[in-house]
Structures are given as structure tokens and as C-alpha cells.
Amino acid sequence: MANVFILDNGAYTIKAGFSNHNEPRVMPNAVMKAKSERRRPFIADQIDDCRDASGLFYILPFQKGYLVNWDIQKTVWDYMFGKDVFNVSLCNTTVIVTEPYLNFTSTQEALSEIYFEDYDVDALLRINAGDLSVHKYHRDRPRELCCLLVESGFSFTHIVPYIQGKKQKNAILRVDVGGKVLTNHLKEVISYRQLNVMDETYVINQVKEDACFMSQDYNTDMAIAKSRKNTILRDYVLPDFTTIKRGYVRSLEESTGKSTAGEQLIRLNNERFSIPELLLFPSDVGIQEMGITEAIVHSINKCPQETRPHLYRNILLTGGNCNFPGLKDRVYKDVRSMSPDEFEVNVTLAKNPSNYAWHGGAAISRSAHFPEMLVTKKEWEEDGFNVCQERFSVLLVTELLDG
């Protein structure tokens with residue numbers, strides 16, 4: 001189907017582009033203000049033009065994973081569709097837009113209204129990002145009947161079992177740990193030990209992405225971090241936004257703790273692996289919830305007994321936090337130790353976990369059944385929001401696989 005625009009509207013980043021593009025355009029879903037240029041707000045990827053991104057102040061449309069600030073969201077969308085980015089008129093365009101699991105009806109109605117009334121789209125599909133990911137997974141593995149999706153994003157992590165394309169709503173679990181918690185905790189640790197970085201969300205988020213990894217054996221790595229032969233310790237060179245635009249990790253040999261040309265350094269030791277560990281043990285920072293691996297087993301046990309072997313065999317990891325090196329192996333190791341011996345456990349890390357849902361949207365748009373899932377402008381004008389509720393609430397991701 002021509003002219004399908006896919007918008008994976010995440011709480012931290014937007015992944016957007018037409019279905020015939022190879023990759024989406026990724027940009028922050030925020031309006032930002034910098035200390036260096038107080039008068040000018042930076043919308044989405046305009047932050048690349050900022051001369052000094054230290055001490056950035058974020059105004060986010062999402063709070064705790066749900067869209068609450070429509071003015072900011074509309075500002076980001078207007079910029080994205082405008083002449084500086086996609087320069088697209090949506091009146092002849094079909095739009096796929098993602099929403100969080102268990103979204104509020106009032107939010108769904110407002111979103112549908114904005115796209116039909118303000119942007120005048122030709123047709124709309126409002127869908128969970130996880131549905132798009134699972135559709136792509138089933139397209140790559142058409143024989144599999146089930147998939148257990150682990151989607152770990154900015155605000156929280158969802159564990160969602162899909163059985164023959166249908167979400168098992170009673171078994172959906174949410175862990176209130178996402179990228180935001182990890183970045184904030186890293187800011188606190190560094191500020192306590194070395195340097196006050198509590199206002200440096202933008203920079204410390206990059207530190208997390210560049211330097212952190214998932215430990216395969218927490219106690220062993222902690223012993224290494226305390227030993228004289230410490231192979232985990234690294235220097236992170238902070239950006240100065242003149243010669244160094246983005247910070248970077250020094251190699252083990254170069255991590256002497258000494259600045260060579262006046263750079264500002266952060267010494268990273270056990271925080272490199274103790275920060276991602278919060279995904280598995282949120283109670284380490286006082287969040288009284290089960291971690292991802294425990295939630296996987298708990299969610300599968302809530303599903304019908306005959307489906308459990310299929311779910312253990314098809315665990316799919318997506319979302320930005322799944323970019324941590326070693327996460328897939330650690331999830332496999334922990335789930336294997338908690339699951340029945342007779343079940344095969346298989347964990348798949350999505351190819352480019354951050355953009356996987358967007359590619360699922362591109363795959364769905366090429367399905368022969370895709371037009372049946374849409375609500376058209378004409379239907380909206382006749383029946384309003386009711387037709388959206390009826391059409392979008394019964395979507396099965398496997399229905400689209402025949403095309």
C-alpha cells in the first residue's frame with residue numbers, strides 16, 4: 001500500500017518514516033531548552049544544532065509512560081511533519097501510530113481526533129508497538145504459534161504473552177523500570193562519588209549507552225571491580241561541546257584516571273554493570289517489584305498450560321534497554337534456571353531493538369489484509385471514535401500474516 005507513514009511514538013524517542021524507507025528517522029520526543037541558548041527551544045532533533053547541550057532542560061509529552069502534555073506532543077508532531085523534516089501533507093496518507101499498552105480511552109480519542117481533524121489523514125491505524133514487533137517476529141518465524149514479548153523502553157518494561165496473535169490481557173505484566181530510572185540512578189551514583197551531574201540528563205544518558213553492560217555473573221564482576229587486576233574500570237571522557245561533541249569510553253590501557261589534554265573524566269567501575277542490573281532486581285533501589293526475568297516466568301505461568309512450552313521457546317526482547325551488551329545471554333541464563341527442565345528456552349534479541357517495532361509497521365503495511373484494519377476518513381466522519389474502538393480493539397497480529 002502506497003503512502004503509509006509509520007510513527008512509533010515512544011516516550012523518549014520518535015521513530016518515524018514512510019514504509020518504503022530502509023530505516024526510520026529517530027529523534028527525541030521532547031522540547032528542550034539549553035542554558036547556553038535560553039531564548040530558543042529545541043524541538044526533537046533540533047538539539048543537534050545546540051552549541052552546548054550541558055544542563056539541558058527537557059519538556060516531555062509523556063509522564064510515566066502515558067501521553068499527558070498534548071501541547072508539547074503537537075509541537076513535536078508539527079515540526080516532524082513540517083518542511084524541516086518530512087515536509088509531508090497527510091491528506092492522502094495512511095498513518096500507523098503506536099500507543100502504550102492499556103492506554104486511556106480519553107487519550108485514544110484525542111489522538112484519533114488530532115490525526116483525522118487536524119492532520120486530515122486519509123486512514124489511521126492506532127496500535128501497540130508490541131503488536132508491530134510480534135507481527136514482524138511471526139513473519140520471520142511463521143510456524144510459531146506463540147510469542148512472549150519483553151518490551152523495555154523509557155518509562156517501563158512490559159511482558160506480554162501473545163497466543164495465536166492475541167494478547168493474553170490477564171497475563172500482561174508491567175515492571176516500573178525503564179531507561180529513565182537507569183539514567184537517573186547513574187546520575188545519583190556519579191554525583192555522590194565524583195562530580196555533580198544531576199542536571200546532565202542528556203550527557204549521562206549517553207554515558208549509560210556507551211559504557212554500561214549486563215553482567216553474566218554479578219558477584220564475580222563485583223569481585224573483579226574490587227580487585228587490583230580490575231578489567232572493568234574505565235575512564236569516560238565527557239564532551240566539552242567544542243572539540244568533543246559526544247563523550248566516549250577510553251580503552252582499559254588508556255584508563256589511567258589522568259587527563260591528557262585537559263579533558264574532564266568520569267571514572268566508571270561497578271556502575272557499568274550495576275545500573276543495568278536494576279532491570280532484573282528493581283528492589284536494589286527500593287522499587288518493590290519483580291524484575292524482568294522473574295516477571296517472564298510469572299507471566300508464562302498465568303497462561304494456559306499447553307501454551308507454556310511455546311512461550312518459553314519464543315521470548316523476544318525489544319526496546320532501547322535491550323541494547324545493553326550481554327542482556328540476551330543473562331535473560332536466557334536466569335529464565336533457564338527458573339523454568340521447568342523439560343521446556344526448551346529460547347531468547348531472541350530483536351535486530352536493532354529500538355527500531356524493531358517500526359520495521360514491524362513497515363511489514364504490516366505490505367500485508368494484503370492491511371486495508372481491513374484501518375479506519376478511513378469517511379468512516380470517521382460517519383461514526384467518529386466508536387468505529388476506532390471497534391476496529392482497533394480486535395486486532396490480531398497474525399491475521400495480517402497471510403498477505
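Mentor: Buried means under 20% relative accessible area, exposed over 50%, and partly exposed in between, with a 1.4 Å probe and protein chains only. Helices (H or I, at least four residues) and strands (E, at least two) are DSSP runs, numbered from the N terminus. This is a predicted model, in which local features need pLDDT of at least 70 and side-chain atom pairs count only at pLDDT 80 or more, while totals for chains, interfaces and linings use all residues. Residues are numbered from 1 along each chain as its sequence is written, and side-chain values use heavy atoms, with hydrogens and water left out.

Trainee: Why is helix α8 described as largely enclosed by the rest of the structure?
Mentor: Helix α8 (residues 292-301) is largely enclosed because 7 of its 10 residues are buried.

Trainee: Which residues of α8 are buried?
Mentor: They are I292, T293, A295, I296, V297, S299 and I300.

Trainee: And what covers them?
Mentor: The cover includes the strands β11, β12, β14 (173-175) and β18, together with the helices α9 (308-313) and α10.

Trainee: How does β11 pair with β18?
Mentor: The two run in the parallel sense over 4 bridges; strands count as paired if DSSP finds at least two bridges between them. Within this pairing, V150 has L317 of β18 as its bridge partner.

Trainee: What does L317 stand opposite in β19?
Mentor: L317 stands opposite L349. Strand β19 (residues 347-349) runs parallel to β18, and 3 bridges join them.

Trainee: What unit do β18 and β19 make with α10?
Mentor: With helix α10 (residues 327-338) they make a right-handed β-α-β unit. Right-handed here means that, with the strands pointing away from the viewer, the path from the first strand over the helix to the second runs clockwise.

Trainee: Which way do the side chains of β18 point?
Mentor: I315 and L317 point one way, L316 and T318 point the other way, and all are buried.

Trainee: Where is confidence highest, and where is it lowest?
Mentor: On pLDDT, the predictor's confidence in each residue from 0 to 100, strand β18 (residues 315-318) is highest at 97 and helix α14 (residues 385-393) is lowest at a mean of 88. The chain averages 91, and 97% of the residues score at least 70.

Trainee: Let us change topic. Where is S155?
Mentor: S155 lies in the loop between β11 (146-152) and β12 (157-163).

Trainee: Is S155 buried or exposed?
Mentor: S155 is buried, as its relative accessible area is 17%.

Trainee: What does S155 touch?
Mentor: Leaving aside residues up to four places away in sequence, S155 touches A11, K64, G65, D176, V177 and G178; contact means heavy atoms within 4.5 Å. A polar atom of the S155 side chain lies 3.2 Å from the backbone nitrogen of G65.

Trainee: In what order do the strands of the open antiparallel sheet lie?
Mentor: The order of its 3 strands is β16-β15-β17. The edge strands, β16 (248-249) and β17 (265-268), each pair on one side only. Strand β15 (residues 234-237) is joined to β17 by 4 bridges, and R234 stands opposite L268.

Trainee: How many helices and strands are in the chain?
Mentor: There are 14 helices and 20 strands. Of the 403 residues, 57% are buried.

Key
A polar contact is a pair of N or O atoms within 3.5 Å; within protein, one must be able to donate a hydrogen and the other to accept it, and residues adjacent in sequence count only if both atoms are side-chain atoms.
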